[in-house]
Amino acid sequence: MKTLEELMALRDAARAQMTTRDDSGEVTRIVVGMATCGIAAGARPVMNKFVEEIAKRGLKNVTVAQTGCIGMCQHEPIAEVLVPGEEKVTYIQLTEEKAAKIILEHIVNGKPVAEYTVGALKK
Amino acid sequence: MYRSHVLVCGGTGCTSSNSQKIIETMEAEIKAKGLENEVQVIRTGCFGLCALGPIMIVYPEGCFYSEVKVEDVPEIVEEHLLKGRMVKRLLYKETVTPQKIKGLNDTDFYKKQKRVALRNCGVINPEDINEYIAYDGYQALAKCLTEYTPEQVIQIVKDSGLRGRGGGGFPTGLKWSFTAANKADQKYVVCNADEGDPGAFMDRSVLEGDPHCIIEAMTICGYATGATEGYIYVRAEYPIAVARLQIAINQAKDLGLLGKNIFDSGFDFDLHVKLGAGAFVCGEETALMTSIEGNRGEPRPRPPYPAVKGLFGKPTTENNVETFANIPTIIREGAEYFASMGTEKSKGTKVFALGGKIKNTGLVEIPMGTTLREIIEEIGGGIPNGKKFKAAQTGGPSGGCIPAHLMDTPIDYDNLTAIGCMMGSGGLIVMDEDNCMVDIAKFFLDFTVDESCGKCTPCRIGTKRLREMLDKITDGKATLEDLDKLEELCNYIKENSLCGLGQTAPNPVLATLKFFRDEYIAHVVDKKCPAGVCKKLLSYTIAEDKCKGCTACARKCPVGAISGAIKQPHTIDTTKCIKCGVCVDTCKFDAVIKK
């Protein structure tokens, strides 16, 4: 360790590993439904895909959490994306490909993927 | 990246209630469920709420489980970590509201606290230097070595108003400047981690929870004062703290944060851990240094002060653990930030170890100037079983007590000194109406009699005589003249002892005499112990009208002092009675009276 810059680079890398522990409310949360219905429909690979993509892109301030049954079991796997200061977006019938796209479009570029949301369901 | 972090308290308190086994079981269960790449288990330092240990926090939800048992672990893994459902029955009661789960920092225990010295305790993994760095660790050191001159560092510490947290309250910046002013081929930095007060455990918790912050602070102190070597004197009975310090030192060396040419500044610093055998007197700075040198831990007269002639005869700066723990924050956030907390002459925060008759036993850090009432009633959750608060003992065997009518005194160095008490290292023992103040004084005297090193007569013999006088009082054999003699001897010991141990040893007696003289008089004149603690002054009798003659007490009495026929009132033979109190607990009709 020779310079302050070196230390700061190490800090940022270490900090990224610890986003999970940030409960300041300034963190984007992706909440995946992991009740029996969700798991049976394949929520686990979807959740792991979210985690993998976040790690791969080195995204800061994003955490992935689990929750129980969201209540629309026929549309599982379901995930909710909560960006601080924005309205909650609920995605349904997810797959690993969809999860990767949500990370890119919604989390990175800030544009929710309308076609995957619960609002896009045919009435 | 792990999607979930499980933080389990690995402080001494929670470890003694089996948190190590909880961690092992947790890791095994996580593996069995195939979650080992998703969930990380981290052993942290003390969270502070020791009364509710073992404690566990699960992120990202931030949910706070208390009093977790090994048997609860499979349920937490299955329900919470696998299926995302919190185990409600284990959540800390106060965080559960009908609408939502409250954050930990909104609970009564944490709300009024301000964590500076404890900022990383219970937050990071103390055995991982990266986590310390993630929370801005070693930035203060980098700043000092690359931007400031040693004089500037000392000025910042002076401006912050930081005073020694070991009890004396000497301005830290001034202390550093004394050592810096002395020229020598070798100087030392010493960290006093010989925490000996009964009931105090904040230094241990800082070392266990955030060892790197002490290493960083000592290195900064070395740079500021011109020392290149440091010693941490820690008692061997703190094995967790010792192990983590050693790990931390090795990690810092590996990253070049200790050793030669730190941050390319040309400054070298090396650190050693020295184990103490647990003698109370070794908390006194000259005795501590004598002990590090390998000699018998005995104090020596000052001057010369350690800043002139300290460890191995060289200029030495000696600070307490908590004092050092404040340094990185002061450098990083600036002297103004630190000075913005606290009172006019006592800046910053103070850590207290809450113990005794209080609900939330544990570790709290509050801004100076907080009142005792706030600490006990709000943060501490009050006295259990609806009892009345009588006094709080601060400063351990060297300190005094704060009685109920002074509960609204803002706590800082000068206010406590003004009421004849002292800040001390931060042990805060709460006493209720069932505690006898003479007995408390006796307890602390017992301790100092045992711990007196024996070098000087006033302390060695004086404390022993003092102890005998207190015995006389609690035995009901003392007269009012004895009280005057007691006070006289106290003052004599105070004025004539060689070191802090003896000079402060009579404080518990003087403080209780000052505020609870009526209790002493009750012992001496009425031969009664108002709190019902001093056995020799108690007597047990049976109220004839209440006794049904059930014989339950007579059967339980270990010395056969109770006699009487069935269905006839019983009597106690006071010559046989050993005052154990079993009869009171046994009687279903409240017929046994303790006086």
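**Exercise 1. How many residues of chain A are in contact with how many residues of chain B?**

Solution. The model is predicted: local features require pLDDT of at least 70 and side-chain atom pairs pLDDT 80 or more, whereas totals for chains, interfaces and linings use all residues. Residues are numbered from 1 along each chain as its sequence is written, and chains are lettered from A and ligands numbered from 1 in the order in which they are written.

Step 1. Two residues are in contact if their C-beta atoms, placed from the backbone, lie within 7 Å. By this criterion, 26 residues of chain A contact 28 residues of chain B.

Step 2. Helices (H or I, at least four residues) and strands (E, at least two) are DSSP runs, numbered from the N terminus. On the side of chain A that touches chain B, two or more residues each come from α1 (4-17), α3 (43-57) and β2 (62-67) of chain A. The largest share, 7 residues, belongs to α1(A).

Step 3. Classify this side of chain A: it holds 13 nonpolar, 7 polar and 6 charged residues. Here Ala, Val, Leu, Ile, Met, Phe, Trp, Tyr, Cys and Pro count as nonpolar, Asp, Glu, Lys and Arg as charged, and the others, Gly among them, as polar.

**Exercise 2. Describe the packing of α10 (residues 211-225) and α13 (residues 321-333) of chain B.**

Solution. Step 1. The helices pack at an angle of about 75°, and their axes are 8 Å apart. Axes are lines fitted to C-alpha atoms over the stretch in contact, and angles run from 0 to 180 degrees between N-to-C directions.

Step 1. α10(B) is therefore roughly perpendicular to α13(B), the class for angles of 65 to 115 degrees.

Step 2. Among the residues that meet are B:C213 and B:I214 in α10(B) and B:V321 and B:F324 in α13(B). By class, this contact has 11 nonpolar, no polar and 1 charged residues.

Notes: Parallel < 35°, antiparallel > 145°, perpendicular 65-115°, else oblique.
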